[in-house]
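Thanks for making time for this one. I would like to walk you through a single model, going slowly enough that you can follow each point on the screen.

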Amino acid sequence: MQNFDWKKLQNGSDIRGVALEGVPDEAVNLTPEIISRLGKAFATWLTQKLGKQANELTISVGRDSRISGPDLMQAVMTGMSELGCHVYDFGIASTPAMFMSTIAPELNCDGAIMLTASHLPFNRNGLKFFTDRGGLDKKDISDILALAANNNFVNAASIGTISKYDFISVYAAGLVKKVRDGVNHPEHFQQPLKGLKIVLDAGNGAGGFYCDRVLKPLGADTTGSQFLEPDGTFPNHIPNPENEEAMAAICQAVLQNKADFGIIFDTDVDRGAAVDSEGTELNRNRLIALISAIVLQEKPGSTIVTDSITSDGLTQFIESELKGKHHRFKRGYKNVINESIRLNQEGEESWLAIETSGHGAMKENHFLDDGAYLVTKLLIELAKSKLEGKYLSDLIANLQEPKESKEFRLKIEVEDFKSYGNTVIEKLQEFAATREGWQIVPNNYEGVRVSCQSAEENGWFLLRLSLHDPVIPLNIESNVSGGVQKIVTQLLEFFPPFESLDLSSLKTM
């Protein structure tokens, strides 16, 4: 363990690593021993932050359905109990529920840990940490890793307790109450979803609870719901609303079962997406438009914060149709959430922060990115729309969507990829300024965004540096057929001198 690189476990504001053997070129670096030390490090970090002794701390632990979950969860709980902490074992839970345990009056946990690697392959796992202030930030994770590396922990004379607790039922009951109160159905208050067929796809992750503990008590017909049982091999599809196969599966389930609505979650339920009765995906720009329409009905004129790759049509919809303000910020769900929080602190009302990935956080819900809460807001509007003889999708009928949309991920094949990538972006700004019909978009917070205004292009592109990987993502959208190819053709006049960029995906467009 002397030469173990603890810093490699940091992935932004999370910890991620390889937990299982068997995948070539992926050495295991998240063992029970490592996890135990990380648990002790988190408990020690809490003692420093809260001014409490370890034996005064109460910490909750939950996990997703990954195969490595049970062993790693036992290790992290044992590590913290050895310091004297009282630990709640939630079993399979969702990431949002873990945060809620820190503010639940019946528990009042000092901290919470979720073992998950979100949508990553089955051999990965990781840790998300929470206090009642929300998820920890990058610096907090660095501090915890430093404590784990130092390993200066003293076990308590009296080991703390580990107690099982069914908190996911408490969390689900809160969502049920929200729907009942939000719909206030005049005939069947307790079952406001009665008469609606709603199909759930949990992707064999942690979100299956939503069917039996939320949808059914509300009266929904859940016939056709699929992949609800936790299975860490993910045998059916990746639990990821951004995955084409996953979205195709829920769309097909909706159409086959003639459902009114479809729901899909990622592995740990901090992201969600939906499908309407026609089998149309309600994700990315559509999901943002839909929840924005709901929020701006409740909070007129407020600011919607999104990530950088949202479309021009979405901006027009939020600002012209909904009379709100669209603040396009950086990629990264924590960046988007923190920006919305900052705006509120400065007096600019912002009730929604949402990424195209499906991470959506609302001011009314502690700015917690909670896929189940987001979907619950949609269900309230779905039931209210039915009462009025309307469809949920009517809310976004005037959303202008691009004719074509494409993302290219250009690999950077040098060690100092960040410096190289930033040089490419800087030179592209110079190049774009010389092109007729191209205009650099002002107030852009990452990379370079260019509006392509000629009739044959009629769109935009954004080139930015990936948050963690040696990649420059290039997003292009056009409102005319063939427009993306026209934009690519111009860009291929710029890129060739950069020999350390892999342009194969662009050249085969």
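Predicted model: local features only at pLDDT ≥ 70, side-chain atom pairs only at ≥ 80, totals over all residues.

Let me start with strand β6, which covers residues 124-131. Seven of its eight residues are buried, so this strand is largely enclosed by the rest of the structure. As for its partners, strand β2, residues 14-18, pairs with β6 in the antiparallel sense through four bridges, and strand β5, residues 111-115, also runs antiparallel to β6 and is joined to it by four bridges. If you look for Leu 127 in β6, you will find Ile 15 standing opposite it, and Leu 115 likewise stands opposite Leu 127. There is also strand β7, residues 134-135, which pairs with β6 in the antiparallel sense over two bridges, with Phe 130 opposite Gly 135. Two residues lie between β6 and β7, and the two strands form a hairpin.

Staying in strand β6, I would draw your attention to Lys 128. Is this lysine buried or exposed? Its relative accessible area is 5%, and with the cut-off for burial set at under 20%, Lys 128 is therefore counted as buried. Which side chains does the side chain of Lys 128 meet in polar contacts? One is the side chain of Asp 14, at 3.1 Å, and another is the side chain of Tyr 333, at 3.4 Å. Once neighbours within four places in sequence are set aside, the residues in contact with Lys 128 include Arg 16, Thr 95, Ile 113, Asp 268 and Asp 270.

Now to the cysteines. How many disulfides does the structure hold? The number is zero. For Cys 211 we can say why: the closest cysteine sulfur, that of Cys 251, is 18 Å from its own sulfur, which is too far for a bond. Cys 211 is also buried, at 2% relative accessibility, and Cys 452 is buried as well, with a relative accessible area of 1%.

The next topic is nonpolar packing. The largest nonpolar core has 69 residues, and those touching the most other members are Leu 193, Ile 198, Tyr 210, Phe 261, Ile 263 and Leu 379. A second, separate core holds 37 residues, among them Ala 19, Ile 35, Trp 45 and Leu 57.

Finally, I would like to look at Glu 477, which lies in strand β22, residues 471-478. This glutamate counts as buried, at 7% relative accessibility. Its side chain makes a polar contact with the side chain of Ser 405, at 3.5 Å. Leaving out residues up to four places away in sequence, Glu 477 touches a set of residues including Asn 285, Ser 311, Pro 402, Glu 404, Gly 459 and Trp 460, together with Val 484 and Ile 487. Between Glu 477 and Ile 487 there are 9.1 Å from C-alpha to C-alpha, while in sequence they are 10 residues apart.

That is the end of the tour, and I am happy to go back to any part of it on the screen.

Definitions and conventions. Residues numbered from 1 in each chain as written. Heavy atoms only, no water. Buried < 20%, exposed > 50% of the residue type's maximum accessible area, 1.4 Å probe, protein only. Pairing = 2+ DSSP bridges. Disulfide = S-S within 2.5 Å. Polar contact = N/O pair within 3.5 Å; in protein donor to acceptor, adjacent residues only side chain to side chain. Contact = heavy atoms within 4.5 Å. Core = buried A, V, L, I, M, F, W, Y, C linked by side-chain atoms within 4.5 Å.
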